[in-house]
Amino acid sequence: MKNNLLTILTFLLLINVGFSQEKINYLEESKADFKERMQWFNDAKYGMFIHFGLYSQLGGIYKGNDKGRYAEWIQGNQNIPSEEYAKLINTWNPQDFDADEIVKLAKKAGMKYLVITTKHHEGFCLWDSKYTDFDIANSPMKGRDLIKELEVACKKEGIVFGTYYSITDWHQGSQYVEEGKGWGMMLMHEGRKQEYVTYLKNQIKELIENYDTNIIWFDGDWVDWWTLEDGNDLYQYIRELKPSIIINNRVSKRKLFKKDFGTPEQFHLEDKVDYYWEACYTMNDSWGFKIKDTDWKTPEEVYAKLKDINGKGGNFLLNIGPDGNGNVPKKSVKILKKVGKKLAKEERK
């Protein structure tokens with residue numbers, strides 16, 4: 001009888017504790033807590049961006065057509081139907097992708113963190129997701145887990161691991177292209193938004209729980225159906241899953257939302273501001289691998305950008321685009337190593 005009474009009292013106490021705990025509103029985080037969470041990012045200064053997906057095997061050319069500036073946008077640039085584009089999964093086989101070598105390169109370059117495009121606008125997932133068949137597990141790369149390989153390599157080398165995720169999705173089926181609008185402004189089929197938001201949240205949960213990602217780097221916030229309220233809700237959801245995680249401002253509407261950090265793209269701020277920010281640039285012109293793109297920045301240009309950005313309080317996220325075999329272009333490797341030598345020389349002074 002005594003044991004039963006003790007069990008009941010313990011149960012009631014647990015229920016009471018559960019009801020008395022207020023839900024934390026992560027959008028109203030204290031300045032002290034925010035500063036502490038962002039400290040490593042503020043100290044890091046320099047990171048590697050990796051754009052890699054089905055598009056990488058095309059190198060910016062589809063059936064002889066090289067229309068479009070950015071190789072990772074080739075489906076939209078050339079208006080390739082989803083069913084046709086999806087067939088690329090059958091020939092995507094980047095066997096040379098070497099996570100250890102890529103992370104070691106980042107370290108030699110003086111970079112402190114890394115962000116990989118786990119799902120770009122094309123909708124293809126670089127990890128084995130329970131929520132879609134349009135992923136690495138259904139390609140010739142079945143059996144490899146590139147995201148886990150990168151995560152493990154980053155931990156080994158002391159590099160912070162992060163993942164990119166596109167809010168807009170050209171494959172999943174809830175969205176469509178309106179004639180004359182272009183693939184950049186996908187519309188949402190009536191009655192299917194909640195279905196897609198659930199899909200998105202489930203996949204983000206996979207990335208956090210299976211790969212312990214420390215940054216979620218969103219893109220595609222420009223679509224009309226994604227609202228500030230949607231962004232606030234997603235931000236809260238992610239922070240509940242992992243309170244220490246850092247999320248870029250494109251989780252919501254980037255022009256209105258600056259938490260956790262702003263993301264100027266292919267340009268950087270002229271003056272210091274009262275929020276954290278990170279400028280992302282490409283090594284040449286395209287983000288994804290593009291055979292004809294030879295507009296490489298010199299090591300001196302990269303170094304000067306890094307110093308200018310850091311001097312104005314920002315971080316520099318510099319992109320590489322591995323080719324269809326998974327190899328980092330030799331020119332990218334050469335540039336990064338030269339910049340790394342300059343930085344190492346500075347540290348020795």
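Me: As I understand it, the rings of Phe, Tyr and Trp (its six-membered ring) pair if their centres lie within 6.5 Å. Which residues do ring pairs link into a cluster here?

Reply: The cluster joins Phe52, Trp92, Phe97, Phe124 and Phe134 through ring pairs. Before we go on, this is a predicted model, where local features need pLDDT of at least 70 and side-chain atom pairs count only at pLDDT 80 or more, while totals for chains, interfaces and linings use all residues. Residues are numbered from 1 along each chain as its sequence is written, and side-chain values use heavy atoms, leaving out hydrogens and water.

Me: How many aromatic pairs does the structure hold?

Reply: The structure holds 23 aromatic pairs. A pair of aromatic rings is described by the distance of the centres and the angle of the planes. Planes under 30 degrees apart count as stacked, over 60 as edge-to-face and the rest as tilted. Take phenylalanine 52 with phenylalanine 97: their centres are 5.3 Å apart and their planes 25 degrees, a stacked pair. Phenylalanine 52 sits in the loop between β1 (46-50) and α3 (74-77), and phenylalanine 97 in the loop between α4 (82-85) and α5, so the pair ties together parts 45 residues apart in sequence. Helices (H or I, at least four residues) and strands (E, at least two) are DSSP runs, numbered from the N terminus.

Me: Are phenylalanine 52 and phenylalanine 97 buried or exposed?

Reply: Both phenylalanine 52 and phenylalanine 97 are buried (under 20% relative accessible area; exposed is over 50%, partly exposed in between, with a 1.4 Å probe and protein chains only). Another stacked pair is tryptophan 73 with tryptophan 222, 6.1 Å centre to centre and 25 degrees between the planes. This pair links distant parts of the chain, 149 residues apart: tryptophan 73 is in the loop between β1 and α3, and tryptophan 222 in the loop between β6 (215-219) and α8. Tryptophan 222 is partly exposed, because its relative accessible area is 26%.

Me: What does phenylalanine 34 contact, leaving aside its neighbours within four places in sequence?

Reply: With those neighbours set aside, phenylalanine 34 is in contact (heavy atoms within 4.5 Å) with Glu29, Lys259, Asp260 and Tyr276. Phenylalanine 34 belongs to helix α2 (residues 31-44), and its relative accessible area of 19% makes it buried. Aspartate 260 is 226 residues away from phenylalanine 34 in sequence, yet the C-alpha to C-alpha distance is 8.5 Å.

Me: Now the helices. At what angle do the axes of α7 and α8 cross?

Reply: The axes of helix α7 (residues 193-211) and α8 cross at roughly 30 degrees and come within 11 Å. Therefore α7 is roughly parallel to α8 (under 35 degrees; over 145 is roughly antiparallel, 65 to 115 roughly perpendicular and the rest oblique). On the α7 side, Lys193, Leu200, Lys201, Ile204, Lys205 and Ile208 meet Asp230, Asp233, Leu234, Tyr237, Ile238 and Leu241 of α8.

Me: Is aspartate 230 buried or exposed?

Reply: Aspartate 230 is buried, with a relative accessible area of 17%. This residue of helix α8 (residues 228-241) contacts Lys193 and Trp225, once its neighbours within four places in sequence are left aside.

Me: How far apart are the axes of α5 and α6?

Reply: The axes of helix α5 (residues 99-108) and helix α6 (residues 146-157) are 9 Å apart, and the two pack at an angle of about 40 degrees. That makes α5 oblique to α6. Among the residues making the contact are Ala99 and Val103 of α5 and Leu150 and Ala153 of α6.

Notes. Axes are lines fitted to C-alpha atoms, for helices over the stretch in contact, and angles run from 0 to 180 degrees between N-to-C directions.
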